[in-house]
Amino acid sequence: MQMVNAIFIRLVNALMGNIFVRLLLIAVCADMVFGSLRAAKYRKWNSAVGIDGAIRKAGMLACVLLFTLIDMVMRVDILGWLPADIRNVLDTCGVVKCGITELFALLFILYEATSVLKNMLLCGLPVPAGLREKLGAWLSTMTEETNVDIVAEQVTPAPVEDDREESGLLEE
């Protein structure tokens, strides 16, 4: 039992001490917030889409957990393959190791960042015009989730149905 507790403590320390894992958690939370804002804006809450996203996020986090365990056993470090100058720059930024966990966490961060940017643009959040067009063009070629023209989007509010007529509250 002590060995299991020691492994668990090492795993938690490895996860919480890893800047890439922290950034991934921030990106996952940001994607959930901006995805919810987008759903609220378009008044299209869809539990199937939400559950699908939650399953994907749980899968990403489970992979990071598994890869951290693998890194603890195998001690993979791909920074050794990089030139010394690049390693020095990364060391200055606080990146001293890049194992399987960091590699996949970085890929997952990029995936989540793409989703965050798409949701921000579709929500109509203020983005500088030049950046907005470039991101809109990039997202339209890189994602197939939406066919909305981000640059020229003109959103009209959804019509509000008047229930008073059906209930007899409106007088003729």
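In which helix is the place of Leu37? Leu37 sits in helix α2, where helices are DSSP runs of H or I with at least four residues, numbered from the N terminus. The structure is a predicted model, in which local features need pLDDT of at least 70 and side-chain atom pairs count only at pLDDT 80 or more, while totals for chains, interfaces and linings use all residues. Residues are numbered from 1 along each chain as its sequence is written, and side-chain values use heavy atoms, with hydrogens and water left out.

The predictor's confidence in each residue, pLDDT, runs from 0 to 100; its mean over the chain is 80, and 83% of the residues reach 70 or more. Where pLDDT is low, the predicted coordinates should not be read in detail.

Two packed helices are described by the angle between their axes and the distance between the axes. Axes here are lines fitted to C-alpha atoms, for helices over the stretch in contact (heavy atoms within 4.5 Å), and angles run from 0 to 180 degrees between N-to-C directions. The axes of α2 and α5 come within 8 Å and cross at roughly 25 degrees. That makes α2 roughly parallel to α5 (an angle under 35 degrees). By class, their contact has 18 nonpolar, 4 polar and 6 charged residues, with Asp, Glu, Lys and Arg counted as charged, Ala, Val, Leu, Ile, Met, Phe, Trp, Tyr, Cys and Pro as nonpolar, and the others, Gly among them, as polar. Leu37 and Asn119 are 82 residues apart in sequence, yet 8.0 Å apart in space, C-alpha to C-alpha. Leu37 has a relative accessible area of 41%, so it is partly exposed (from 20% to 50%, with a 1.4 Å probe and protein chains only).

Helix α3 (residues 47–74) also meets α5 (residues 100–123): their axes come within 8 Å and cross at roughly 165 degrees. That makes α3 roughly antiparallel to α5 (over 145 degrees). Residues of this contact include Met60, Phe67 and Asp71 of α3 and Phe104, Phe108 and Tyr111 of α5. They divide into 9 nonpolar, 2 polar and 5 charged over the whole contact.

Notes. Helix = DSSP H or I, 4+ residues; strand = E, 2+ residues; numbered from the N terminus. Parallel < 35°, antiparallel > 145°, perpendicular 65-115°, else oblique.
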